[in-house]
Amino acid sequence: MGNENRPVLAICYDFDKTLSPDDMQAQGYIQSVGYDVGAFWSACDKLAKENGMDENLAYMYQMMKEAEGTLIFNRKTLMEYGSRVSLFPGVEDWFERVRAYGDAHGVTVEHYIISSGLKEMIEGTGVYKAGAFKKVYACSFYYNDRGVAVWPAQVINYTNKTQFLFRISKGVLDVNDPAVNDYFPPDQIRVPFRNMVYIGDSDTDVPCMKLVNSYGGHSIGVYNLETGDKEKVHKMVRDNRIRYFAPADYREGSELDTLLKEIIDRTAANEKLERRHFAAARDAARTDGED
């Protein structure tokens, strides 16, 4: 809770197949460099396996390589492809609606992206430009003095995703700030894990889901409403990775919308009790030794 006047609920999202029906690279970019989508990902997998390479570094390299002679591989280009990325129903106004519901019930709601996709493409989406997110953690490029992408600046895979949950929890959001390793007393944690929601769709989200679950937060699996394929979310429930699942339908009145509102309601009620607990602990500490 830290010094906030009211509790903060941090909702953290994967992006591909969580907010968008497909991988962001497969919605225009891959096709524009003359690749079949399946062949592109196969080439990335082959590159990673043959060179002991991180899979995300492999796709970033492959994107740069295939752009040569075809398009200028810079931030503007990537943002342009990001602007074409489709989103699940209701995503466009979801973030503001959920924030407004939180405000009305005494809870500050913040939205974060933790994705292995490309930050520059996410920055091209309308929801990003509308200020939906407090922070976006995703893979990104370093650009030379001509603005062309030449090297990975940040690579986020399924295991190192968890560090960003600790950054959000402690309010240490800069990726280079070592204060994320500092000790914070329980009553000074800005977003306790119990007030954290993680929404994802697949195995790559499991470490984050497990971490949030184990500390009393809320992990939610989503699945594509059109296909109705619940195989992954059912497995995650059986493996105790998630507490809930719902279709990736972000429209008002949907199952997911109702679930988030229930979590906000619970957060508001629970934090009143937590404040009482911390007040009692502080009072006991002040009088310790006087009895």
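## About the model

This is a predicted model, in which local features need pLDDT of at least 70 and side-chain atom pairs count only at pLDDT 80 or more, while totals for chains, interfaces and linings use all residues. Residues are numbered from 1 along each chain as its sequence is written, and side-chain values use heavy atoms, with hydrogens and water left out.

Helices (H or I, at least four residues) and strands (E, at least two) are DSSP runs, numbered from the N terminus.

Let us start with a helix pair. Two packed helices are described by the angle between their axes and the distance between the axes. Axes here are lines fitted to C-alpha atoms, for helices over the stretch in contact, and angles run from 0 to 180 degrees between N-to-C directions.

Helix α2 (residues 37-51) packs with helix α3 (residues 55-67) at an angle of about 120 degrees, and their axes are 8 Å apart. The two helices are therefore oblique to each other; angles under 35 degrees count as roughly parallel, over 145 as roughly antiparallel, 65 to 115 as roughly perpendicular and the rest as oblique. Their crossing is right-handed, a term used when the near helix is turned clockwise from the far one by less than a right angle. On the α2 side, Phe40, Trp41, Ala43, Cys44, Leu47 and Ala48 meet Glu55, Ala58, Tyr59, Tyr61, Gln62, Met63 and Glu66 of α3, where contact means heavy atoms within 4.5 Å. Sorted by type, the residues of this contact are 10 nonpolar, one polar and two charged. In that sorting, Ala, Val, Leu, Ile, Met, Phe, Trp, Tyr, Cys and Pro count as nonpolar, Asp, Glu, Lys and Arg as charged, and the others, Gly among them, as polar.

## Helices α5 and α11

Helix α5 (residues 91-104) and helix α11 (residues 255-287) have axes 10 Å apart, at an angle of about 30 degrees. That makes α5 roughly parallel to α11. The crossing of α5 past α11 is right-handed.

From α5, the contact involves Trp94, Arg97, Val98, Tyr101 and Gly102, and from α11 it involves Leu256, Asp257, Leu260, Lys261, Ile264 and Asp265. The residues of the contact between α5 and α11 comprise six nonpolar, one polar and four charged.

Helix α8 (residues 162-170) is mostly covered, with seven of its nine residues buried; buried means under 20% relative accessible area, exposed over 50%, and partly exposed in between (1.4 Å probe, protein chains only). The buried residues are Thr162, Phe164, Leu165, Arg167, Ile168, Ser169 and Lys170. They pack against β1 (8-13), β2 (108-118), β3 (135-143), β4 (149-154), β5 (196-200) and α9 (206-214). Just after α8 comes glycine 171, with a positive phi of about 75 degrees.

The axes of α8 and α9 come within 9 Å and cross at roughly 40 degrees, and the two are therefore oblique to each other. Thr162, Leu165 and Phe166 of α8 make the contact with Pro207, Cys208, Leu211 and Val212 of α9. Six of the residues in this contact of α8 with α9 are nonpolar, one is polar and none is charged. In α9, the buried residues are Val206, Cys208, Met209, Leu211, Val212 and Asn213, and what covers them includes α8, β5, β6 (218-223) and α10.

## Residues in the loops

Asparagine 195 sits in the loop between α8 and β5 and is buried, with a relative accessible area of 1%. Its side chain makes a polar contact (3.3 Å) with the side chain of glutamate 271. A polar contact is a pair of N or O atoms within 3.5 Å; within protein, one must be able to donate a hydrogen and the other to accept it, and residues adjacent in sequence count only if both atoms are side-chain atoms. Leaving aside neighbours within four places in sequence, asparagine 195 is in contact with Pro7, Val8, Leu9, Ala10, Thr267 and Glu271.

Lysine 17 lies in the loop between β1 and α1 (29-32). Although lysine 17 is not a glycine, its phi is positive, at about 65 degrees, and at 35% relative accessibility it counts as partly exposed. Asparagine 240, in the loop between α10 (231-238) and β7 (244-247), counts as exposed at 56% relative accessibility.
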